[in-house]
Amino acid sequence: MPSVSRFPEPQAVTAPLTEYAVFLVVALQDGPAATDTARTTLADVDALVRSVGFRSLHAGLTCVVGIGSDAWDRFGAPTRPAHLHPFVPIEGYRHDAPRTEGDLLFHIRASRHDMCFELERLILGRLGDAVRVVDDTPGFRYFDARDLLGFVDGTENPVGDELGEAAYIDSEPDFLGGSYVITQRYTHDLSAWSSISTEEQERIIGRTKADDVELDDAVMPTNSHVTLNTVVDEDGNELDIVRFNMAFGSYAAGEVGTYFIGYAKSPETTELMLQRMFVGDPPGNYDRILDFSTATSGCLFFVPSSATLEMLGDLPSAAVASAAPGEVTTSVPAPDLPSDGSLRVGNLRGDHD
Ligand code: HEM
(Lines give C-alpha, C1' and ligand atoms only; values in the text may rest on other atoms or scores of the structure.)
Protein backbone atom coordinates (compact mmCIF):
# COMPACT_ATOMS: atom_id res chain seq x y z
CA MET A 1 0.00 0.00 0.00
CA PRO A 2 1.45 3.43 -0.86
CA SER A 3 2.19 5.50 2.24
CA VAL A 4 -0.37 8.20 2.96
CA SER A 5 2.40 10.82 2.93
CA ARG A 6 2.98 10.08 -0.77
CA PHE A 7 -0.64 10.79 -1.67
CA PRO A 8 -1.65 13.93 -3.51
CA GLU A 9 -2.78 16.62 -1.06
CA PRO A 10 -6.13 15.46 0.38
CA GLN A 11 -8.89 17.85 1.38
CA ALA A 12 -8.94 18.65 5.11
CA VAL A 13 -10.93 15.52 6.00
CA THR A 14 -8.90 14.74 9.11
CA ALA A 15 -8.87 18.31 10.51
CA PRO A 16 -9.25 18.38 14.31
CA LEU A 17 -12.68 18.55 15.92
CA THR A 18 -13.95 22.15 16.02
CA GLU A 19 -16.59 24.02 18.04
CA TYR A 20 -18.77 24.74 15.00
CA ALA A 21 -19.67 23.17 11.68
CA VAL A 22 -22.13 23.74 8.88
CA PHE A 23 -23.48 20.82 6.90
CA LEU A 24 -24.61 22.27 3.60
CA VAL A 25 -26.14 19.95 1.00
CA VAL A 26 -27.38 21.26 -2.35
CA ALA A 27 -29.09 19.79 -5.40
CA LEU A 28 -27.94 20.83 -8.87
CA GLN A 29 -30.50 22.49 -11.09
CA ASP A 30 -31.07 20.98 -14.53
CA GLY A 31 -29.00 22.02 -17.51
CA PRO A 32 -25.40 22.39 -18.60
CA ALA A 33 -25.02 25.97 -17.31
CA ALA A 34 -25.74 24.80 -13.75
CA THR A 35 -23.26 21.95 -14.19
CA ASP A 36 -20.53 24.33 -15.34
CA THR A 37 -21.18 26.84 -12.55
CA ALA A 38 -21.00 24.09 -9.92
CA ARG A 39 -17.88 22.48 -11.40
CA THR A 40 -15.94 25.74 -11.61
CA THR A 41 -17.09 26.86 -8.15
CA LEU A 42 -15.85 23.62 -6.62
CA ALA A 43 -12.46 24.11 -8.26
CA ASP A 44 -12.28 27.47 -6.46
CA VAL A 45 -13.44 26.47 -2.98
CA ASP A 46 -9.87 26.26 -1.63
CA ALA A 47 -9.36 29.89 -2.67
CA LEU A 48 -12.58 30.93 -0.90
CA VAL A 49 -11.43 29.10 2.25
CA ARG A 50 -8.16 31.07 2.10
CA SER A 51 -10.06 34.36 1.67
CA VAL A 52 -12.13 33.80 4.81
CA GLY A 53 -9.65 31.71 6.79
CA PHE A 54 -6.80 34.23 6.53
CA ARG A 55 -8.88 36.72 8.48
CA SER A 56 -8.54 34.57 11.62
CA LEU A 57 -5.82 31.99 11.27
CA HIS A 58 -6.54 30.57 14.73
CA ALA A 59 -10.10 29.69 13.84
CA GLY A 60 -8.99 26.62 11.85
CA LEU A 61 -11.50 27.14 9.03
CA THR A 62 -11.78 24.18 6.64
CA CYS A 63 -14.27 23.03 4.04
CA VAL A 64 -14.50 19.52 2.65
CA VAL A 65 -16.39 19.18 -0.62
CA GLY A 66 -18.26 15.98 -1.47
CA ILE A 67 -19.75 15.14 -4.87
CA GLY A 68 -22.74 12.82 -5.33
CA SER A 69 -22.92 10.06 -7.92
CA ASP A 70 -25.18 11.87 -10.44
CA ALA A 71 -23.27 15.15 -10.12
CA TRP A 72 -19.97 13.35 -10.79
CA ASP A 73 -21.40 11.98 -14.02
CA ARG A 74 -22.69 15.40 -15.04
CA PHE A 75 -19.21 16.92 -14.59
CA GLY A 76 -18.01 14.60 -17.35
CA ALA A 77 -14.73 13.46 -15.78
CA PRO A 78 -13.19 10.64 -17.82
CA THR A 79 -12.82 8.30 -14.86
CA ARG A 80 -15.12 7.42 -11.97
CA PRO A 81 -14.44 6.51 -8.33
CA ALA A 82 -15.06 2.77 -8.00
CA HIS A 83 -17.39 2.94 -4.98
CA LEU A 84 -19.36 6.08 -5.84
CA HIS A 85 -23.08 5.35 -5.89
CA PRO A 86 -26.21 6.93 -4.41
CA PHE A 87 -26.82 6.27 -0.70
CA VAL A 88 -28.41 2.84 -0.28
CA PRO A 89 -31.58 3.25 1.81
CA ILE A 90 -32.26 0.59 4.43
CA GLU A 91 -35.57 -0.86 5.49
CA GLY A 92 -34.61 -1.85 8.98
CA TYR A 93 -36.12 -4.25 11.46
CA ARG A 94 -38.07 -1.46 13.15
CA HIS A 95 -36.51 1.78 11.85
CA ASP A 96 -35.50 2.90 8.35
CA ALA A 97 -32.53 4.79 6.93
CA PRO A 98 -33.94 6.90 4.08
CA ARG A 99 -32.05 8.19 1.06
CA THR A 100 -32.52 11.92 0.49
CA GLU A 101 -31.59 14.32 -2.26
CA GLY A 102 -28.07 15.75 -2.45
CA ASP A 103 -25.58 16.46 -5.26
CA LEU A 104 -22.92 18.40 -3.38
CA LEU A 105 -21.85 18.50 0.26
CA PHE A 106 -19.92 21.32 1.90
CA HIS A 107 -18.68 20.27 5.35
CA ILE A 108 -17.51 23.57 6.80
CA ARG A 109 -15.70 23.59 10.16
CA ALA A 110 -14.14 26.26 12.38
CA SER A 111 -13.78 27.26 16.00
CA ARG A 112 -15.91 30.35 15.24
CA HIS A 113 -19.43 30.32 13.92
CA ASP A 114 -18.95 33.57 11.98
CA MET A 115 -16.17 31.98 9.88
CA CYS A 116 -18.47 29.11 8.83
CA PHE A 117 -21.27 31.59 8.20
CA GLU A 118 -19.11 33.81 5.97
CA LEU A 119 -17.69 30.94 3.94
CA GLU A 120 -21.18 29.57 3.38
CA ARG A 121 -22.28 33.00 2.14
CA LEU A 122 -19.45 33.11 -0.40
CA ILE A 123 -20.01 29.55 -1.62
CA LEU A 124 -23.76 30.02 -2.05
CA GLY A 125 -23.14 33.38 -3.71
CA ARG A 126 -20.88 31.73 -6.29
CA LEU A 127 -23.28 28.86 -6.90
CA GLY A 128 -26.20 31.28 -7.30
CA ASP A 129 -29.23 29.77 -9.00
CA ALA A 130 -27.24 26.77 -10.23
CA VAL A 131 -28.29 24.95 -7.06
CA ARG A 132 -31.13 24.49 -4.62
CA VAL A 133 -30.28 24.11 -0.93
CA VAL A 134 -31.73 20.88 0.45
CA ASP A 135 -30.06 20.85 3.87
CA ASP A 136 -28.37 23.62 5.79
CA THR A 137 -27.66 22.46 9.33
CA PRO A 138 -25.42 24.45 11.66
CA GLY A 139 -23.80 22.09 14.16
CA PHE A 140 -22.11 22.86 17.46
CA ARG A 141 -19.90 21.07 19.92
CA TYR A 142 -21.81 20.32 23.13
CA PHE A 143 -19.83 20.37 26.41
CA ASP A 144 -17.08 17.67 26.44
CA ALA A 145 -17.80 16.72 22.81
CA ARG A 146 -21.03 15.07 23.98
CA ASP A 147 -23.99 14.45 21.71
CA LEU A 148 -27.43 15.58 22.85
CA LEU A 149 -28.03 12.09 24.30
CA GLY A 150 -25.39 13.17 26.85
CA PHE A 151 -22.61 10.75 25.80
CA VAL A 152 -19.10 11.73 24.70
CA ASP A 153 -19.09 11.15 20.94
CA GLY A 154 -15.92 10.49 18.92
CA THR A 155 -13.67 8.85 21.51
CA GLU A 156 -12.83 5.77 19.47
CA ASN A 157 -12.00 7.64 16.28
CA PRO A 158 -8.66 6.50 14.89
CA VAL A 159 -5.67 8.72 15.74
CA GLY A 160 -2.17 9.30 14.35
CA ASP A 161 -1.33 7.42 11.14
CA GLU A 162 -4.49 5.35 11.49
CA LEU A 163 -6.61 8.45 10.90
CA GLY A 164 -5.40 8.94 7.32
CA GLU A 165 -5.30 5.18 6.73
CA ALA A 166 -8.99 4.91 7.63
CA ALA A 167 -10.12 8.02 5.75
CA TYR A 168 -8.12 8.18 2.51
CA ILE A 169 -8.43 6.01 -0.57
CA ASP A 170 -5.26 3.98 -1.02
CA SER A 171 -6.21 1.46 -3.69
CA GLU A 172 -7.76 3.46 -6.55
CA PRO A 173 -4.77 4.84 -8.48
CA ASP A 174 -6.75 7.70 -10.06
CA PHE A 175 -8.24 8.81 -6.76
CA LEU A 176 -5.52 8.41 -4.12
CA GLY A 177 -6.01 10.87 -1.28
CA GLY A 178 -9.76 10.99 -1.92
CA SER A 179 -12.38 9.69 0.48
CA TYR A 180 -16.03 8.68 0.69
CA VAL A 181 -18.44 10.26 3.12
CA ILE A 182 -21.89 9.27 4.36
CA THR A 183 -24.09 11.83 6.11
CA GLN A 184 -27.28 11.30 8.09
CA ARG A 185 -29.28 13.79 10.07
CA TYR A 186 -30.81 12.20 13.18
CA THR A 187 -33.47 13.87 15.36
CA HIS A 188 -33.74 12.74 18.99
CA ASP A 189 -36.77 12.09 21.17
CA LEU A 190 -35.13 13.47 24.29
CA SER A 191 -38.14 13.10 26.54
CA ALA A 192 -38.30 9.35 25.81
CA TRP A 193 -34.50 9.09 26.24
CA SER A 194 -34.54 10.87 29.59
CA SER A 195 -37.36 8.63 30.81
CA ILE A 196 -35.05 5.59 30.89
CA SER A 197 -32.34 5.09 33.53
CA THR A 198 -28.71 6.10 33.01
CA GLU A 199 -27.76 2.40 33.32
CA GLU A 200 -30.08 1.49 30.46
CA GLN A 201 -28.73 4.36 28.34
CA GLU A 202 -25.21 3.06 29.02
CA ARG A 203 -26.20 -0.44 27.85
CA ILE A 204 -27.64 1.07 24.65
CA ILE A 205 -24.47 3.02 23.88
CA GLY A 206 -21.95 0.53 25.34
CA ARG A 207 -20.01 3.11 27.39
CA THR A 208 -20.46 4.79 30.75
CA LYS A 209 -22.10 8.20 30.60
CA ALA A 210 -20.15 10.26 33.13
CA ASP A 211 -16.60 9.11 32.45
CA ASP A 212 -16.93 7.63 28.93
CA VAL A 213 -15.40 4.19 29.64
CA GLU A 214 -16.33 1.19 27.46
CA LEU A 215 -18.43 -1.41 29.31
CA ASP A 216 -16.75 -4.69 30.27
CA ASP A 217 -17.20 -7.54 27.81
CA ALA A 218 -19.11 -9.43 30.51
CA VAL A 219 -21.89 -6.83 30.58
CA MET A 220 -21.64 -5.39 27.06
CA PRO A 221 -24.93 -6.13 25.21
CA THR A 222 -24.66 -7.71 21.75
CA ASN A 223 -26.82 -4.89 20.37
CA SER A 224 -25.03 -1.95 21.98
CA HIS A 225 -24.09 0.86 19.60
CA VAL A 226 -20.42 0.11 20.21
CA THR A 227 -20.77 -3.65 19.52
CA LEU A 228 -22.78 -3.19 16.32
CA ASN A 229 -20.33 -0.59 15.03
CA THR A 230 -17.24 -2.70 15.70
CA VAL A 231 -16.69 -4.45 12.37
CA VAL A 232 -13.81 -6.54 11.08
CA ASP A 233 -12.56 -7.73 7.68
CA GLU A 234 -12.21 -11.39 6.68
CA ASP A 235 -8.80 -11.52 8.42
CA GLY A 236 -10.24 -10.22 11.68
CA ASN A 237 -8.72 -6.70 11.35
CA GLU A 238 -10.94 -3.95 12.73
CA LEU A 239 -12.29 -1.59 10.07
CA ASP A 240 -12.39 2.08 11.05
CA ILE A 241 -14.24 5.13 9.87
CA VAL A 242 -13.62 8.75 10.86
CA ARG A 243 -16.58 10.54 12.47
CA PHE A 244 -17.19 14.23 13.14
CA ASN A 245 -20.72 14.14 14.57
CA MET A 246 -22.18 17.43 15.76
CA ALA A 247 -25.16 18.45 17.85
CA PHE A 248 -27.75 20.64 16.15
CA GLY A 249 -31.23 22.03 16.61
CA SER A 250 -33.42 24.33 18.63
CA TYR A 251 -35.64 23.49 21.58
CA ALA A 252 -37.93 26.34 20.58
CA ALA A 253 -38.39 24.82 17.13
CA GLY A 254 -38.95 21.38 18.70
CA GLU A 255 -36.17 19.64 16.80
CA VAL A 256 -32.76 18.63 18.19
CA GLY A 257 -30.40 15.93 17.06
CA THR A 258 -27.06 14.56 15.97
CA TYR A 259 -25.64 15.12 12.51
CA PHE A 260 -23.72 11.96 11.67
CA ILE A 261 -20.83 12.31 9.22
CA GLY A 262 -18.50 9.40 8.59
CA TYR A 263 -15.52 9.40 6.21
CA ALA A 264 -13.83 6.22 5.01
CA LYS A 265 -11.56 4.96 2.24
CA SER A 266 -14.48 2.80 1.12
CA PRO A 267 -18.18 3.41 1.86
CA GLU A 268 -18.60 -0.35 2.36
CA THR A 269 -17.39 -0.11 5.96
CA THR A 270 -19.95 2.55 6.90
CA GLU A 271 -22.64 0.69 4.95
CA LEU A 272 -21.91 -2.47 6.92
CA MET A 273 -22.24 -0.51 10.18
CA LEU A 274 -25.57 0.89 9.02
CA GLN A 275 -26.83 -2.59 8.13
CA ARG A 276 -25.90 -3.83 11.58
CA MET A 277 -27.50 -0.81 13.27
CA PHE A 278 -30.80 -0.85 11.34
CA VAL A 279 -31.32 -4.53 10.52
CA GLY A 280 -29.42 -5.90 13.51
CA ASP A 281 -26.96 -8.73 14.04
CA PRO A 282 -28.54 -11.21 13.95
CA PRO A 283 -31.52 -9.53 12.23
CA GLY A 284 -33.81 -8.08 14.87
CA ASN A 285 -30.95 -7.44 17.31
CA TYR A 286 -30.82 -3.82 16.13
CA ASP A 287 -29.28 -0.65 17.63
CA ARG A 288 -31.64 0.71 20.28
CA ILE A 289 -30.23 4.21 19.76
CA LEU A 290 -32.74 4.16 16.89
CA ASP A 291 -35.69 3.84 19.28
CA PHE A 292 -34.79 7.39 20.34
CA SER A 293 -33.25 8.77 17.12
CA THR A 294 -34.85 9.08 13.67
CA ALA A 295 -32.72 9.29 10.54
CA THR A 296 -34.24 12.09 8.44
CA SER A 297 -31.61 12.21 5.69
CA GLY A 298 -29.09 9.94 4.02
CA CYS A 299 -26.49 10.82 1.38
CA LEU A 300 -23.23 9.42 0.03
CA PHE A 301 -20.55 11.57 -1.61
CA PHE A 302 -17.10 11.13 -3.09
CA VAL A 303 -14.49 13.51 -1.66
CA PRO A 304 -11.77 14.12 -4.25
CA SER A 305 -8.23 15.09 -3.27
CA SER A 306 -7.56 18.85 -3.46
CA ALA A 307 -5.76 18.37 -6.77
CA THR A 308 -8.65 16.45 -8.36
CA LEU A 309 -11.10 19.06 -7.07
CA GLU A 310 -9.12 21.83 -8.75
CA MET A 311 -8.87 19.78 -11.90
CA LEU A 312 -12.65 19.78 -12.24
CA GLY A 313 -12.36 23.41 -13.32
CA ASP A 314 -10.39 22.28 -16.41
CA LEU A 315 -12.89 19.71 -17.65
CA PRO A 316 -14.72 20.43 -20.89
CA SER A 317 -17.73 22.68 -20.49
CA ALA A 318 -21.00 20.75 -20.19
CA ALA A 319 -22.62 23.45 -22.34
CA VAL A 320 -20.13 22.77 -25.16
CA ALA A 321 -20.47 19.01 -24.76
CA SER A 322 -24.28 19.21 -25.02
CA ALA A 323 -24.40 21.68 -27.94
CA ALA A 324 -25.65 20.35 -31.28
CA PRO A 325 -23.01 20.21 -34.06
CA GLY A 326 -22.50 23.72 -35.46
CA GLU A 327 -24.45 25.34 -32.61
CA VAL A 328 -22.76 28.41 -31.19
CA THR A 329 -22.45 28.45 -27.38
CA THR A 330 -21.44 31.34 -25.17
CA SER A 331 -19.59 29.07 -22.75
CA VAL A 332 -15.86 28.69 -22.48
CA PRO A 333 -14.48 26.22 -24.99
CA ALA A 334 -13.25 22.85 -23.89
CA PRO A 335 -9.56 22.81 -22.97
CA ASP A 336 -7.25 20.19 -24.42
CA LEU A 337 -7.24 17.16 -22.16
CA PRO A 338 -4.59 14.46 -22.46
CA SER A 339 -5.29 12.00 -25.25
CA ASP A 340 -5.18 9.09 -22.77
CA GLY A 341 -8.52 10.35 -21.42
CA SER A 342 -7.09 10.66 -17.92
CA LEU A 343 -7.78 13.47 -15.48
CA ARG A 344 -4.06 14.31 -15.79
CA VAL A 345 -3.74 12.05 -12.79
CA GLY A 346 -0.05 11.31 -13.31
CA ASN A 347 0.61 14.10 -10.84
CA LEU A 348 -2.19 12.89 -8.57
CA ARG A 349 -0.77 9.44 -8.06
CA GLY A 350 1.94 10.48 -5.63
CA ASP A 351 4.50 8.76 -7.91
CA HIS A 352 6.21 11.96 -8.90
CA ASP A 353 8.95 11.90 -6.27
C1 HEM B 1 -19.37 5.27 18.72
C2 HEM B 1 -23.14 8.26 19.22
C3 HEM B 1 -24.58 7.20 14.70
C4 HEM B 1 -20.53 4.63 14.08
C5 HEM B 1 -20.28 6.14 19.25
C6 HEM B 1 -20.29 6.59 20.62
C7 HEM B 1 -21.34 7.44 20.74
C8 HEM B 1 -22.01 7.51 19.47
C9 HEM B 1 -21.76 8.20 21.99
C10 HEM B 1 -19.28 6.16 21.70
C11 HEM B 1 -18.06 7.04 21.76
C12 HEM B 1 -17.20 6.99 20.54
O13 HEM B 1 -16.35 6.12 20.38
O14 HEM B 1 -17.40 7.84 19.68
C15 HEM B 1 -23.85 8.23 18.03
C16 HEM B 1 -25.10 8.92 17.80
C17 HEM B 1 -25.51 8.62 16.53
C18 HEM B 1 -24.51 7.74 15.96
C19 HEM B 1 -25.81 9.81 18.83
C20 HEM B 1 -26.74 9.04 15.80
C21 HEM B 1 -27.91 9.18 16.37
C22 HEM B 1 -23.61 6.39 14.14
C23 HEM B 1 -23.67 5.86 12.82
C24 HEM B 1 -22.52 5.14 12.64
C25 HEM B 1 -21.77 5.21 13.88
C26 HEM B 1 -24.80 6.10 11.81
C27 HEM B 1 -22.03 4.36 11.44
C28 HEM B 1 -22.70 4.15 10.36
C29 HEM B 1 -19.88 4.59 15.29
C30 HEM B 1 -18.60 3.93 15.48
C31 HEM B 1 -18.28 4.08 16.83
C32 HEM B 1 -19.35 4.87 17.41
C33 HEM B 1 -17.77 3.21 14.42
C34 HEM B 1 -17.03 3.54 17.56
C35 HEM B 1 -17.25 2.12 17.99
C36 HEM B 1 -16.02 1.61 18.76
O37 HEM B 1 -15.06 1.20 18.09
O38 HEM B 1 -16.02 1.67 19.98
N39 HEM B 1 -21.34 6.70 18.57
N40 HEM B 1 -23.53 7.54 16.89
N41 HEM B 1 -22.46 5.98 14.76
N42 HEM B 1 -20.28 5.16 16.45
FE43 HEM B 1 -21.92 6.31 16.70
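**View 1. Strand β5, covered on both faces.** In strand β5, L104, F106, I108 and A110 on one side and L105, H107 and R109 on the other are all buried (20 or more other C-beta atoms within 10 Å of the residue's own, with C-beta atoms placed from the backbone). The strand spans residues 104–110, and seven of its seven residues are buried. Strands are DSSP runs of E of at least two residues and helices are runs of H or I of at least four, numbered from the N terminus. The model is predicted: local features need pLDDT of at least 70 and side-chain atom pairs count only at pLDDT 80 or more, whereas totals for chains, interfaces and linings use all residues. Residues are numbered from 1 along each chain as its sequence is written.

**View 2. The strand partners of β5.** Strand β1 (residues 20–28) runs antiparallel to β5 and is joined to it by seven bridges; pairing requires at least two DSSP bridges between two strands. Y20 has A110 as its bridge partner. Strand β2 (residues 62–67) also pairs with β5 in the antiparallel sense, over six bridges, and V64 stands opposite H107.

**View 3. Helix α9.** Nine of the 12 residues are buried, so the helix is largely enclosed by the rest of the structure. Among the buried residues are E271, M273 and R276. Just after α9, G280 takes a positive phi of about 100°.
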